[in-house]
Amino acid sequence: MALDIDSRTWLQNHFKENVCFDEPMARHTSLRIGGPADALVTPATIDDLQTLVQWASQRRLSVLVVGDGTNLLVKDAGIDGIVIRLNRCLNQISKTVDSGGRTFVRAMAGVRLHKLCTFALAAQLKGMNFALGIPGTVGGAIMMNAGTFYGSMAGVLEEISILASDGNIQSIPKENLDFSYRQLTLKNNAIRSFAGNPIILEGLFDLQPAQEKQLQQEAEEILKKRRESQPTHLPSAGCFFKNPASDQSAGELIDRTGLKGEKIGGALVSPRHANFIINTGDASASDVLTLMETVQAAVLKRFNIKLEAEVRIVGR
Ligand code: EPU
């Protein structure tokens, strides 16, 4: 349901310069694609975020939290309701040591994942290098159980805290987090008063002290490998499809169908890594979706495997 005039007025009064109406999502996604969101709000404080979430829940307005928009395809007709960005209210990162001498890094959801990795490196803490070069924010990375060949969020998270749509904040230890490939689900009894989708506020990361030189060396190798094999400098949403199995790469399957370089409108299957769809400049979401279906059909026909999008597709 689109936002009515009363809702727009309430948002304008409460969020002033922190709300934009009919905001093109192309400005907020790494693919540089996406129609307008009815309202895009960037709350300045956690209190403001709580107020917004409670109000939207009472009004039954749809809410979509986005990080850096790096794993997101927004359709051309845009998004109903409210899009929330967390980079202003949830941008803190700190190191703590518990009474038993274990070291943790606490990173809020709006912090860039790259910043968490470089913070850990500078603090000589081991465990986050796997995520070097993965774009996006900590919140998005937790939601997606972001990962690479070297590891995933599931391996380092000790605890998260969430905001339920009734405004309650709650900590959830790792025992109650159900991680699977590119997905996090909260075990049912983990949320006291669940109503709608909870918002991840922060993560507590269990990292170990390590030699700086060794960590730096490992980091450079990981980043070099990524730069060599992926079109990291072009607008994309990272790997578009999930790997169908741990020993099967979607990129390799697409490559073997001969679709590298396939172009529909402004959307292109990257000639460098076949699991990347690139916006060559003027791609629409519909170009990307048509190219996605072309790739899926070719892989299904040749290998009898149905590729599933890893990128989250949203919008009206
Ligand atoms: N390959 C090809 N052709 C291609 C691409 C890959 O033959 O066009 C082959 C490679 O030569 C290699 C194999 O496929 O033998 C695996 O390729 P790669 O090492 O690039 O890994 P991937 O499985 O395609 C995954 C993640 C990436 C992550 C890399 C590196 C998924 C869907 N992708 O890619 O994550 O960066 O491993 O660890 O899990 C992302 O999630 O957005 C992402 C890019």
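Trainee: Hi! Where does Lys-224 stand, buried or exposed or in between?
Mentor: Lys-224 counts as partly exposed, because its relative accessibility is 48%. Keep in mind that this is a predicted model.

Trainee: And what does its side chain meet?
Mentor: The side chain of Lys-224 forms a salt bridge with Glu-228, at 3.4 Å from N to O. Both residues belong to helix H5, 4 residues apart, which is about one turn of the helix.

Trainee: How about Glu-228, buried or exposed?
Mentor: Glu-228 counts as exposed, with 52% relative accessibility; the cut-off for exposed is over 50%.

Trainee: How many salt bridges are there in total?
Mentor: The count comes to 15. One of them joins Asp-80 and Arg-316, with the closest N and O atoms 2.5 Å apart.

Trainee: What does Arg-102 pair with?
Mentor: Arg-102 meets Asp-206 in a salt bridge, 2.9 Å from N to O. Asp-206 sits in strand S15 and Arg-102 in the loop between S6 and S7, so the bridge ties together parts 104 residues apart in sequence. Asp-206 counts as buried, at 17% relative accessibility, whereas Arg-102 is partly exposed at 37%.

Trainee: Which residues are in a network with them?
Mentor: Glu-158 and Lys-174 are linked with Arg-102 and Asp-206 in a network of salt bridges.

Trainee: Switching to helices: which residues of H3 are buried?
Mentor: In H3, residues 113-122, the buried ones are Leu-113, Leu-116, Cys-117, Ala-120 and Leu-121. They are on the same side of H3, because they cover an arc of only 135° around the axis.

Trainee: What do they pack against?
Mentor: Their partners include strands S6, S7, S8 and S15, along with helices H4 and H5. After H3 comes Gln-124, with a positive phi near 55°.

Trainee: Last one, what is the span of H2?
Mentor: H2 covers residues 46-58 and reaches 18 Å from first C-alpha to last, close to the 18 Å expected. Its buried residues include Leu-49, Leu-52, Val-53 and Trp-55. Just after H2, Arg-60 takes a positive phi of about 55°.

Note on methods:
Residues are numbered from 1 along each chain as its sequence is written. This is a predicted model: local features need pLDDT of at least 70, side-chain atom pairs count only at pLDDT 80 or more; totals for chains, interfaces and linings use all residues. Side-chain values use heavy atoms; hydrogens and water are left out. Helices (H or I, at least four residues) and strands (E, at least two) are DSSP runs, numbered from the N terminus. The expected span of a helix is 1.5 Å times one less than its number of residues. Buried means under 20% relative accessible area, exposed over 50%, partly exposed in between (1.4 Å probe, protein chains only). The arc is that of the directions from the helix axis to the C-beta atoms. Contact means heavy atoms within 4.5 Å. A salt bridge is a side-chain nitrogen of Lys or Arg within 4 Å of a carboxyl oxygen of Asp or Glu.
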